[in-house]
Amino acid sequence: MSSSLLQPSHHDLYPFIDPCPPCGQLASSAKGKSVLITGAGSGIGRAIAEAFALAGGERLFLVGRREAGLRETRERIGEKVELVGDVSVVGYGEERRCGALGGDRAGGIGGRGSGRRDGCEVLVVSGVDISKGEDVERMFTSYFGSDGSSEGKRFPPPDILVSNAGTSCATENIADSDPDMWWRDIEVNLKGTYLVAKRYIRAFREYYGSTNVAEGQGGTQSKVEGRIIKVSSNASWRYVPGRSSYAASKLAINSLTEYLDGEEGGGTVGSTTGHSRNKVTIRSVALHPGGVNTDLAATLPETVRKRILIDKPELAAGTCVYLSLPRADFLMGWFVNCTWDMEELEKHRETVESQDLLKSKVVGMFDTLPAP
Ligand SMILES: NC(=O)c1ccc[n+]([C@@H]2O[C@H](COP(=O)([O-])OP(=O)(O)OC[C@H]3O[C@@H](n4cnc5c(N)ncnc54)[C@H](OP(=O)(O)O)[C@@H]3O)[C@@H](O)[C@H]2O)c1
């Protein structure tokens, strides 16, 4: 085996992570689940939304700033699965009836075989800038939390949060960079991801209560589990000229993932804190979604684009569905590259765990001190 655990081996959907009905190995794996996807109006986020719909997701929340892209995602999903409910939530609490968009057309990753399955509710939640605390707060209080009105707690918090929205504004070397553009990458990619994750966890606590299992009603309460899949990037560990703010934000996302999983994930880190006894457990993982030809990647030089943008968004999307499953629990807190073969990765579980791999570290540094 080379020094690397796994080599990139996929550029498109493959059977082990295929969410497409009727034959995909992950078909129906999201049955009954609700999923919130940020940045769902284009690129990788759109493919992720489609994949969860195909995998049987019951309710999807498509979140972003621009309504048109989110609506298009909804329409595309309607070409592959039956949409239920004819109300699309747009903006902050305003509801519009928009009619069922389901049809008999088939295409994209859902176009294979007979393909169609019944019943996915798809809600468009536009006008949400994830870098703005007030936008994130309003979204959660409008749709998931209790705002004190009789309409509070309309939906349980989503089972799965895919924190995919991101940007890459700054493209110059640091000395030549515009501070506002540079900081914008940090604000959207890091602060935005943090704000949504923090509010997601609070929504769980508000909805289900935060008592720990032992204290709650004789310890008989069942545990509630949430899952955060954060879209990171290989840029978090690989030098990409002119992308210092993007790289810093994605490296920080890997760290945020490790901390979130340590704090909320049931005690993988800091087991002395007793978090494993919490009624609500929220696991977190960071994902490199491959190199995909999207708007965000359009500012890369032409030669780089040709060389690295070689992956289909459906690869990241199917991998997200896989990462949402209990069998991927062993990857929580860590960084996963969707171009690896997930079945192969499962075979390396012991190595990953015993050698503490897939984490952001300083190469060559061995910490002999016990963990704090
Ligand atoms: N493409 C690649 O090769 C690649 C590689 C590694 C990682 N990634 C990551 O993949 C994720 C998706 O990017 P993509 O390549 O699919 O690009 P994309 O098509 O440009 O998608 C980015 C999405 O994020 C949303 N967004 C941006 N800023 C936002 C904000 N402030 N608040 C809410 N939503 C916001 C955008 O929608 P609105 O503008 O309507 O809000 C858009 O739908 C990003 O996190 C990116 O860093 C991509």
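Here is a short tour of a predicted model, from the ligand to a helix pair and one glycine.

Before you click, note that residues are numbered from 1 along each chain as its sequence is written. Local features here need pLDDT of at least 70, side-chain atom pairs count only at pLDDT 80 or more, and totals for chains, interfaces and linings use all residues.

**Stop one: the ligand.** Select the 32 residues around it; Gly39, Gly43, Arg65, Gly166 and Leu296 come nearest (a residue is near if its C-beta atom, placed from the backbone, lies within 6 Å). Colour by class and you get 11 nonpolar, 17 polar and 4 charged residues (Ala, Val, Leu, Ile, Met, Phe, Trp, Tyr, Cys and Pro are nonpolar, Asp, Glu, Lys and Arg charged, the others, Gly among them, polar). H1 has the largest share, 3 residues.

**Stop two: H4 against H5.** Now show H4 with helix H5 (residues 244-264): their axes, lines fitted to C-alpha atoms over the stretch in contact, come within 8 Å and cross at roughly 15 degrees. That makes the two helices roughly parallel (angles under 35 degrees). For the contact, pick residues including Trp182 and Ile201 of H4, and Ser245 and Glu264 of H5 (C-beta atoms, placed from the backbone, within 7 Å).

**Last stop: glycine 262.** Find it in H5. Glycine 262 is buried because 20 other C-beta atoms lie within 10 Å (the cut-off is 20 or more, with C-beta atoms placed from the backbone). Its C-alpha atom is separated by 8.9 Å from that of serine 284, 22 residues apart along the chain.

Notes. Helix = DSSP H or I, 4+ residues; strand = E, 2+ residues; numbered from the N terminus. Axes fitted to C-alpha atoms, helices over the stretch in contact; angles between N-to-C directions. Parallel < 35°, antiparallel > 145°, perpendicular 65-115°, else oblique. Contact = placed C-beta atoms within 7 Å. Buried ≥ 20, exposed ≤ 12 C-beta atoms within 10 Å, placed from the backbone.
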